[in-house]
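I'm jotting down what I looked up, one entry at a time.

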Amino acid sequence: MTQRQHPPARQAAASGFQHLRDRLQRWALATVVAVMCSPALAALPTMPTPGTDMNGATCAAGDWMCAMSAYFKAGMAILGLVLVALGFLYVVGGALSKWREYTAGRAQIADLKEYFIMGMILTVFLVILVTYAFQVIGQT
């Protein structure tokens with residue numbers, strides 16, 4: 001098989017377009033590099049602290065130790081809420097599996113009642129524990 005030869009005028013036009021495309025790419029690249037090398041002149045906003053520090057004092061501007069203490073306290077509060085949510089999900093999941101066993105005839109109604117009562121007690125205990133922890137670290 002032989003390749004079809006294009007007329008010289010068409011080859012010249014194709015190489016001209018190739019040359020033009022290469023020049024445009026170089027100019028675009030030069031523009032992007034020039035913009036990326038220039039300094040950013042925007043000022044970054046100051047980030048507010050999430051509340052008070054561990055002692056209950058309001059954080060002053062530029063006091064990074066107070067800000068870290070406030071962030072730590074907020075993180076502990078979020079961790080407590082996540083643990084209560086996980087405990088609640090485990091209780092609900094266990095209650096559903098116990099209900100499934102009861103409907104299949106593998107568990108008695110007394111087992112189901114016992115699990116529901118203990119699940120409620122555990123959930124209430126977790127909420128009370130996290131509420132007390134919030135009061136100790138001064139969150140509420």
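This is a predicted model: local features need pLDDT of at least 70, side-chain atom pairs count only at pLDDT 80 or more; totals for chains, interfaces and linings use all residues.

Entry: I looked up C37 and got 61% relative accessibility, so I wrote it down as exposed. My cut-offs: buried is under 20% relative accessible area, exposed is over 50%, and partly exposed is in between, using a 1.4 Å probe and protein chains only. Residues are numbered from 1 along each chain as its sequence is written, and side-chain values use heavy atoms, with hydrogens and water left out.

**Entry: disulfides.** How many disulfides does a search of the whole structure find? I got 1, counting a pair of cysteine sulfur atoms within 2.5 Å as a disulfide. C59 and C66 are the partners, with 2.1 Å from S to S. The torsion about their S-S bond is about -80°, so I noted the disulfide as left-handed. C59 is buried at 15% relative accessible area, and C66 is buried too, at 7%.

**Entry: salt bridges.** Side chains of opposite charge can pair when their charged atoms come close. I searched the whole structure and found 1 salt bridge, meaning a side-chain nitrogen of Lys or Arg within 4 Å of a carboxyl oxygen of Asp or Glu. K98 pairs with E101, and their closest N and O atoms are 3.6 Å apart. Both are in helix 2, 3 residues apart, which is about one helical turn. (Helices are DSSP runs of H or I with at least four residues, strands are runs of E with at least two, and both are numbered from the N terminus.) E101 is partly exposed, at 28% relative accessibility.

**Entry: aromatic rings.** The whole-structure search gave me 1 aromatic pair. The ring centres of W99 and Y102 are 5.7 Å apart and the planes sit at 45°, so I call the pair tilted. The rule: rings of Phe, Tyr and Trp (its six-membered ring) pair if their centres lie within 6.5 Å; planes under 30 degrees apart are stacked, over 60 edge-to-face, and the rest tilted. W99 and Y102 both belong to helix 2, residues 64-104, and are 3 residues apart, about one turn. W99 is partly exposed at 43%, and Y102 is partly exposed at 31%.

**Entry: a glycine.** Is G119 buried or exposed? I found it buried, with a relative accessible area of 7%. G119 lies in helix 3, residues 109-137. From G119 to V92 I count 27 residues in sequence, and 7.9 Å in space, C-alpha to C-alpha.
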